[in-house]
Amino acid sequence: GTHNGYEYVDLGLPSGLKWATCNVGAESPEDYGDYFAWGETEPKSNYSWSTYKHCNNGFSSKLTKYNVGSRLGTVDNITTLELEDDVAHVNWGGSWRMPTLAEQDELREKCTWTWTTLNGIKGYKVTSKSNGNSIFLPAAGYRYGMDDDDVGSDGSYWSSSLGSDYPNRADFLYFYSNGVRWFSFDRCLGYTVRAVCP
């Protein structure tokens with residue numbers, strides 16, 4: 001189906017959540033799309049604390065939004081991205097948004113993950129255990145500073161959830177050919193985003 005002009009797949013998940021067929025900024029399922037720092041809504045050339053929107057003076061210890069720890073800047077106790085800072089919602093509109101960590105976990109647990117190649121691009125075919133429908137997540141790697149890393153070998157997909165361990169991190173879906181798991185890392189890095197809608 002489509003929502004607000006973008007395609008989704010119903011994977012028969014218990015939550016009823018629909019997953020987009022393409023990454024934000026992508027033209028096809030195997031296209032990497034754009035990379036975003038967590039809580040930013042536009043791609044850029046340099047992914048570092050010095051260019052990060054939600055901190056002061058390039059310091060990861062001076063967060064200006066999304067923080068639960070007084071030693072790391074302004075405390076607001078917001079632990080899920082607001083829609084104004086959600087790149088999927090800002091770019092795609094409608095009810096599109098980034099998934100939470102729990103929603104990424106549902107995708108991990110309720111689907112079969114098969115490492116494969118689609119039109120020459122490596123990634124995971126994610127097939128519903130309940131209805132057989134599937135999506136493809138390309139191994140787009142990530143961006144740190146001006147560099148591309150792990151392109152074609154790893155995938156890092158942001159959730160909308162603030163880091164479970166440190167608030168200058170955010171949680172994300174991480175995969176490589178031998179495994180799929182969740183991880184938490186610096187919010188300033190450029191990761192890919194796969195949107196969801198209810």
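Tutor: Let's start with S160, which counts as buried because its relative accessibility is 2%. Here, buried means under 20% relative accessible area, exposed means over 50%, and partly exposed is in between, using a 1.4 Å probe and protein chains only. Before we go on, please keep in mind that this is a predicted model, where local features need pLDDT of at least 70 and side-chain atom pairs count only at pLDDT 80 or more, while totals for chains, interfaces and linings use all residues. Residues are numbered from 1 along each chain as its sequence is written, and side-chain values use heavy atoms, with hydrogens and water left out.

S160 sits in strand β9. The names of strands and helices come from DSSP runs numbered from the N terminus, with H or I runs of at least four residues for helices and E runs of at least two for strands. What does S160 touch, leaving aside residues up to four places away in sequence? Its contacts are W38, T79, T80, L81, M98, P99 and T100, where contact means heavy atoms within 4.5 Å.

Two of those neighbours, W38 and M98, lead us to the largest nonpolar core, which has 31 residues. A nonpolar core is a set of buried Ala, Val, Leu, Ile, Met, Phe, Trp, Tyr and Cys residues joined through side-chain atoms within 4.5 Å. W38 and M98 are among the residues with the most contacts inside this core, along with V24, Y52, W158 and V193. The elements that give it two or more residues are α1 (87-92), β9 (154-162), β10 (169-176) and β12 (194-197). Of these, α1 provides the largest share, three residues. Apart from this core lies another one, of 17 residues, including L13, Y157, F175 and V196. In soluble globular proteins, nonpolar side chains tend to be buried together.

Now let's move to a sheet. Three strands form an open sheet in the order β4-β5-β6, with antiparallel pairing. Two strands pair if DSSP finds at least two bridges between them. β4 (111-118) and β6 (134-138) stand at the edges with a single partner strand each, so one side of each has no neighbour in the sheet. From one strand to the next, the twist averages 30°. Helix α2 (residues 101-110) lies across β4, β5 and β6, at about 85° to β4. For that angle, axes are lines fitted to C-alpha atoms, for helices over the stretch in contact, and angles run from 0 to 180 degrees between N-to-C directions.

What about charged side chains? A salt bridge is a side-chain nitrogen of Lys or Arg within 4 Å of a carboxyl oxygen of Asp or Glu, and by this rule the count comes to nine. One of them joins E84 and K65, at 2.9 Å from N to O. These two are 19 residues apart, and each lies in the loop between β3 (18-23) and α1. Is each of them buried or exposed? E84 is exposed, since its relative accessible area is 55%, whereas K65 is buried at 14%. Both belong to a network of salt bridges that links K53, K65, E82, E84 and D85. Another salt bridge pairs E40 with K44, also given as 2.9 Å, N to O, and E40 counts as buried at 7% relative accessibility. A further one joins D148 and R143 at 2.4 Å, N to O; D148 is partly exposed at 45%, and R143 is partly exposed at 26%.

Finally, the cysteines. A disulfide is a pair of cysteine sulfur atoms within 2.5 Å, and the structure holds zero of them. For C188, the nearest cysteine sulfur is that of C55, 7.9 Å away, and C188 is buried, with a relative accessible area of 0%. The sulfur of C197 is too far for a bond, because the closest cysteine sulfur, in C22, is 13 Å from it. C197 is buried as well, with a relative accessible area of 3%.
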